[in-house]
Amino acid sequence: MRRRGWIVALAACAACAPPAADESGGGVPDMAAEAPESQENDAEVAAVVAAVETVLHAINTADSDLARSVVLSDARVTAVRESGWRSIAGEDFAAGIGDPEQGYVERMWDPRVQVLQNVATVWAPYDFYLKGEFSHCGVDAFQLVLVDGAWKVQSLLYNTLQPPECEVHPEGPPG
């Protein structure tokens, strides 16, 4: 299976926002108000980012087994393009990155991470290269769940754009 640029943008939508807590204390807590600024939270954020970086390392090294170690087999990986969108299972995604001849290089930077107990989100710009040539860029939106003490990707949504609609890595092309 060929991979055609698998990493994703999540459109912000007011309807997707969690409901605010009501006056009786019910509802969903405000993550900004409730999230402690602690070493424990820093460790969770680092663990979430490490899981996402593992996915990127798997892409860059054509390592399907490494991808399977962090992407749930029933996860959804969805690419959004001008021509529409395509979604596949996590297992198909992992299998699709396993061909070293494809020469994939994907890099993210400036990840924005939110963690609340056993759910996490990572939103980060990325750029993507095929055999050393720039292909596209966009935003990756990862949703992760804590499974047996390890962060696993349950969803990856990304868009594929061209500059100036997106940025390339601040360090320039990969070395």
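Does Tyr129 count as buried or exposed, and at what relative accessibility? In this predicted model, Tyr129 has a relative accessibility of 4% and therefore counts as buried. The close-up views below begin with the ring pair to which Tyr129 belongs.

**View 1. Tyr129 and Phe134 form an edge-to-face aromatic pair.** The ring centres of Tyr129 and Phe134 are 5.6 Å apart. Because their planes stand at 75°, and planes over 60 degrees apart count as edge-to-face, the pair is given that description. While Tyr129 is buried, Phe134 has a relative accessibility of 31% and so counts as partly exposed.

**View 2. Tyr104 and Phe128 form a tilted aromatic pair.** The count of aromatic pairs comes to three. In the pair shown here, the centres of Tyr104 and Phe128 lie 5.4 Å from each other, with 45° between the planes. Tyr104 belongs to strand S3 (residues 104–108) and Phe128 to strand S5 (residues 119–130), so the pair ties together parts that are 24 residues apart in sequence. Both Tyr104 and Phe128 are buried.

**View 3. Cys137 and Cys166 form a disulfide.** One disulfide is found in a search of the whole structure. The sulfur atoms of Cys137 and Cys166 are 1.7 Å apart. The torsion about their S-S bond is about 65°, so the disulfide is right-handed. Cys137 lies in strand S6 (residues 133–147), and Cys166 lies in the segment after strand S7 (150–159). The pair thus links distant parts of the chain, 29 residues apart. Cys137 and Cys166 are both buried.

**View 4. The largest nonpolar core contains 32 residues.** Val55, Ile59, Phe93, Phe142 and Leu144 touch the most other members of this core. Elements contributing two or more residues include helix H3 (64–70), strand S1 (71–81) and helix H4 (90–96). Helix H2 (39–60) is also among them, and H2 supplies the largest share, eight residues.

**View 5. Phe142 and its contacts are shown beyond four places in sequence.** Phe142 touches Val52 and Val55, as well as Ala120, Thr121 and Val122.

**View 6. Residues 1–29 and residues 31–36 have pLDDT below 50.** For the protein, the mean pLDDT is 84, and 78% of the residues reach 70 or more. Over residues 1–29, where pLDDT is below 50, the model has 61 contacts beyond near neighbours in sequence. Residues 31–36, where pLDDT stays under 50, have four contacts beyond four places in sequence.

Definitions and conventions:
Residues are numbered from 1 along each chain as its sequence is written. This is a predicted model: local features need pLDDT of at least 70, side-chain atom pairs count only at pLDDT 80 or more; totals for chains, interfaces and linings use all residues. Side-chain values use heavy atoms; hydrogens and water are left out. Rings of Phe, Tyr and Trp (its six-membered ring) pair if their centres lie within 6.5 Å; planes under 30 degrees apart count as stacked, over 60 as edge-to-face and the rest as tilted. Helices (H or I, at least four residues) and strands (E, at least two) are DSSP runs, numbered from the N terminus. Buried means under 20% relative accessible area, exposed over 50%, partly exposed in between (1.4 Å probe, protein chains only). pLDDT is the predictor's confidence in each residue, from 0 to 100. Contact means heavy atoms within 4.5 Å. A disulfide is a pair of cysteine sulfur atoms within 2.5 Å. A nonpolar core is a set of buried Ala, Val, Leu, Ile, Met, Phe, Trp, Tyr and Cys residues joined through side-chain atoms within 4.5 Å.
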